[in-house]
Amino acid sequence: MSVRDLSIVALPQTTVGKKVIMALSGAIWIGYLLMHMYGNLKIFTGPEHFNEYAAGLRTLGAPIFGYANLLWVARIVLILSFVPHVWAGLVLYFRKRKSRGTTNYVQRKSLRAGPATLTMVFGGIAIGLFIIYHLLHFTFGVTGIHPDFRAHDAYHNVIIGFTSYAYIPAIIYLVGLVAVGFHLYHGAWSMWQTLGLNNKAYTGLWRGLAWLLALGIPLGFALIPIAVIFGIVS
Ligand code: HEM
């Protein structure tokens, strides 16, 4: 084994290395989702607070940091976590699939991509598409996707965004959130295993935590389109 084989540079080339990449980048996204959900729930406190929060994201760190500087740092961290997460996930999936053909039947059964793996891959693709739609809808406000986007009025954008086009955007969000829930459950579970947290004595605790993330995050987000559909916030 050469020194290079032991170096951190070689880590992504190994299966364990890819799983570590997935776990760490996934953890960054979970942290982001928790903050984003918390921030979104401010919609229940009224338009002023919600828009103040949206504007506050851009003035974070002022006067030391300039307008939207820290927001851009967060965006870059998110992109830098998203890209290797997708790459490592796809490489692991195709490697698993390929190994089906080269092993005997007994082994093949255990190596086959099971329902959890398929949920992760196809759910992951659905989440990727959802994020693209979501950015076009609420960040860029592309005409045709959002009927009346106003650059500095996030509250208005959310209310109109969810009540327009026969509620189809709101339904897209709810479906996207179901995909997020499944992805979080299996993802958190794999993460505990990769990081070696999941020893027998605490299985119940870690399973409970995976459930908490998988239900709590999508439900927290889902309250917003549901509240808008039923006119609880308007
Ligand atoms: C009901 C659910 C959600 C609502 C109402 C919502 C709302 C918003 C709004 C209003 C923005 C624009 C913020 C601004 O520019 O002022 C935004 C940005 C964003 N959201 Fe969501 N979001 C939801 C769910 C999600 C989910 C599930 C994800 C990830 C899987 C996500 C990822 C993002 C990202 C990456 C941005 C761009 C952040 C930036 O660069 O400024 N959102 N969201």
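Author: Helices here are DSSP runs of H or I with at least four residues, numbered from the N terminus. The model is a predicted one, and F82 has its place in helix α4, residues 69-102.

Reader: What makes up the secondary structure of the protein, in helices and strands?

Author: The protein has 9 helices and 0 strands, so its pattern along the sequence reads α-α-α-α-α-α-α-α-α, with helices taken as DSSP runs. Its C-alpha trace spans about 60 × 45 × 40 Å along the principal axes.

Reader: Why is F82 called partly exposed, rather than buried or exposed?

Author: Buried requires under 20% relative accessible area and exposed requires over 50%. F82 has 31% relative accessibility and therefore counts as partly exposed. In the protein, buried residues make up 34% of the 234 residues.

Reader: What makes the surface patch that includes F82 a nonpolar one?

Author: The patch is made by I79, F82, V83, V86, L90 and F94 and covers about 500 Å². Patch residues need over 30% relative accessible area, and nonpolar side chains are joined within 5 Å.

Reader: Why is the pair D148 and R150 called a salt bridge?

Author: Side chains of opposite charge can pair when their charged atoms come close. The cut-off is 4 Å between a side-chain nitrogen of Lys or Arg and a carboxyl oxygen of Asp or Glu. For D148 and R150 the closest N and O atoms are 3.4 Å apart, so the pair qualifies. A search of the whole structure finds 1 salt bridge. D148, at 32% relative accessibility, is partly exposed, and R150, at 41%, is partly exposed as well.

Reader: Which residues come nearest to the ligand, and which helix supplies the largest share of the shell?

Author: Of the 19 residues around the ligand, Y32, H36, R58, R75 and H134 come nearest. Helix α6 gives the largest share of the shell, 6 residues. The shell divides into 13 nonpolar, 4 polar and 2 charged residues.

Terms used:
Residues are numbered from 1 along each chain as its sequence is written. This is a predicted model: local features need pLDDT of at least 70, side-chain atom pairs count only at pLDDT 80 or more; totals for chains, interfaces and linings use all residues. Side-chain values use heavy atoms; hydrogens and water are left out. A residue is near a molecule or strand if one of its heavy atoms lies within 4 Å of it. Helices (H or I, at least four residues) and strands (E, at least two) are DSSP runs, numbered from the N terminus. Ala, Val, Leu, Ile, Met, Phe, Trp, Tyr, Cys and Pro count as nonpolar, Asp, Glu, Lys and Arg as charged, and the others, Gly among them, as polar. Patches are made of residues with over 30% relative accessible area and no salt bridge: like charges are joined within 9 Å, nonpolar side chains (Val, Leu, Ile, Met, Phe, Trp, Tyr) within 5 Å. Accessible areas come from the Shrake-Rupley method with a 1.4 Å probe; for residues, only the protein chains shown count as cover. Buried means under 20% relative accessible area, exposed over 50%, partly exposed in between (1.4 Å probe, protein chains only).
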